[in-house]
Amino acid sequence: MAGAGVIDEYVTALDRRLRGPDPVKDDLLAEARDSLHDAAAAHRDRGLGEEAAQRRAVAEFGPVTTIAREYQGLLGLAYGARTLRSVLLVVPLAYVMWELNRRFWIGEWQDFDAPPPDWYLLVARFTDTSAWFVAGAAVLALLVGRRLARAAVSTATLARLAGVVAVVAVGVSLLGNVAILAATAYLDAARLLLSPPVTAATVVSLVIALRLAVLARRCVVFSSV
C-alpha cells in the first residue's frame, strides 16, 4: 500500500537518534508508534488516504529532532535513576563486605606490632565515610529529583542532575578505594596480601567502583545526546 511505511520510517529515524536502556527506549518507541497509528486512523476516518493520513499524523506528532530530544531526556533520566539506585545499594554493600572480611581475617589495624600513623588512619576514615556519603548523595538525589519532577522541571535537566550526582558520588567512592590501596601499599605492601579473602574483597570492591564509574559516565552521555 502506498505510503504504508511513513510511520515506520519516522519511528526508525527516531530510534537511531536515541541512546539509553533498551526496555525504556522500546516502550517509548512503541508508544510513539501507537500514537501515530491512532492519529493516522482518525485522519483516514475523515476521508484521507493511507499515505496522506500517515504523513499528517507524523507532521502533527512533531519533527524527529524535537521528539528525540524529549525522549532522550526520558531515557537519560531513567538511566540516571537506575544508576543512582545501583550506587545506593552496591557501594555500602561492597564496603560492608570488605570491612567484615578485614575485621574477621586481620582485625583492627591498631593490633599490629607497629600501629599505622595518623595520616593512614585519616585515609582509612575517609574511605569508611565515603561509602555512606555516596549512599546519602544517591538517596538525596533521588528524593530531590522526584520533587523537581512534580514541579514540572524538564526531564533533560533532571537527567543531567542525576548524571552529575552519579559521577561525583562514584568518583568519591573510587577515590576512597584507590586512596586506601595506595596508602597501604606505601605503608606496608605486605598488608595487602595478609589474607586471600581480604585481597579478594578488595579486588571486588575496586571492580565494582570501576563498573559504577562506567555507568555514571553513561548517565552524562545519555543526558546530553
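Rings of Phe, Tyr and Trp (the last taken by its six-membered ring) pair if their centres lie within 6.5 Å, and the pair counts as stacked when the planes are under 30 degrees apart, as edge-to-face when they are over 60 degrees apart, and as tilted for the rest. By this definition the structure holds five aromatic pairs.

The model is a predicted one, in which local features need pLDDT of at least 70 and side-chain atom pairs count only at pLDDT 80 or more, while totals for chains, interfaces and linings use all residues. Residues are numbered from 1 along each chain as its sequence is written, and side-chain values use heavy atoms, with hydrogens and water left out.

## The chain as a whole

Helices (H or I, at least four residues) and strands (E, at least two) are taken as DSSP runs and numbered from the N terminus. On that basis the chain has seven helices and zero strands, and its pattern along the sequence reads α-α-α-α-α-α-α. A residue is called buried under 20% relative accessible area, exposed over 50%, and partly exposed in between, with a 1.4 Å probe and protein chains only; of the 225 residues of the chain, 40% count as buried. The accessible surface, computed by the Shrake-Rupley method with a 1.4 Å probe, comes to about 12,300 Å², and 63% of this area belongs to carbon and sulfur atoms. Contact means heavy atoms within 4.5 Å, and among contacts between residues at least 6 apart in sequence, 81% join residues at least 24 apart.

## Aromatic rings

A pair of aromatic rings is described by the distance of the centres and the angle of the planes. Tyrosine 95 and tryptophan 132 form an edge-to-face pair, with 5.8 Å from centre to centre and 85° between the planes. Tyrosine 95 lies in helix 4 (residues 64-105) and tryptophan 132 in helix 5 (residues 118-150), so this pair ties together parts that are 37 residues apart in sequence. Elsewhere, Trp119, Tyr120 and Tyr186 form one aromatic cluster.

## Salt bridges

A salt bridge is a side-chain nitrogen of Lys or Arg within 4 Å of a carboxyl oxygen of Asp or Glu, and by this rule the count comes to three.

| Lysine 25, 12%, buried | Aspartate 15, 32%, partly exposed | 3.2 Å |

The bridge between aspartate 15 and lysine 25 links distant parts of the chain, with aspartate 15 in helix 1 (residues 6-17) and lysine 25 in helix 2 (residues 22-45), 10 residues apart. Arginine 55 and glutamate 51, by contrast, are four residues apart in helix 3 (residues 50-61), so they are separated by about one helical turn.

Histidine 43 is found in helix 2 and is buried, with a relative accessible area of 7%. If residues up to four places away in sequence are not counted, histidine 43 touches Leu48, Ala53, Arg56, Ala57 and Glu60.

Threonine 83 lies in helix 4 and counts as buried at 2% relative accessibility. Leaving aside neighbours within four places in sequence, threonine 83 is in contact with Ala166, Leu215, Ala216 and Cys219.

## An enclosed space

A cavity is a set of points, on a 1 Å grid over the protein atoms alone, where a 1.4 Å probe fits but cannot get out, and its lining residues have an atom within 4 Å of a point. Grid points are joined across faces, edges and corners, and a volume is the space filled by probe spheres set on the points. A search of the whole structure finds one cavity of 30 Å³ or more, and the largest cavity has a volume of about 210 Å³. Of the 15 residues that line the largest cavity, the closest to its centre are Ala94, Tyr95, Thr127, Asn177 and Ser205. The elements that give two or more residues to this lining are helix 4, helix 5, helix 6 (155-188) and helix 7 (196-224). Tyrosine 95 thus belongs both to the lining of the largest cavity and to the edge-to-face pair with tryptophan 132.

Notes: On a 1 Å grid over the protein atoms alone, a cavity is a set of points where a 1.4 Å probe fits but cannot get out, and a pocket is an open set with protein on both sides within 12 Å along at least five of seven lines; lining residues have an atom within 4 Å of a point.
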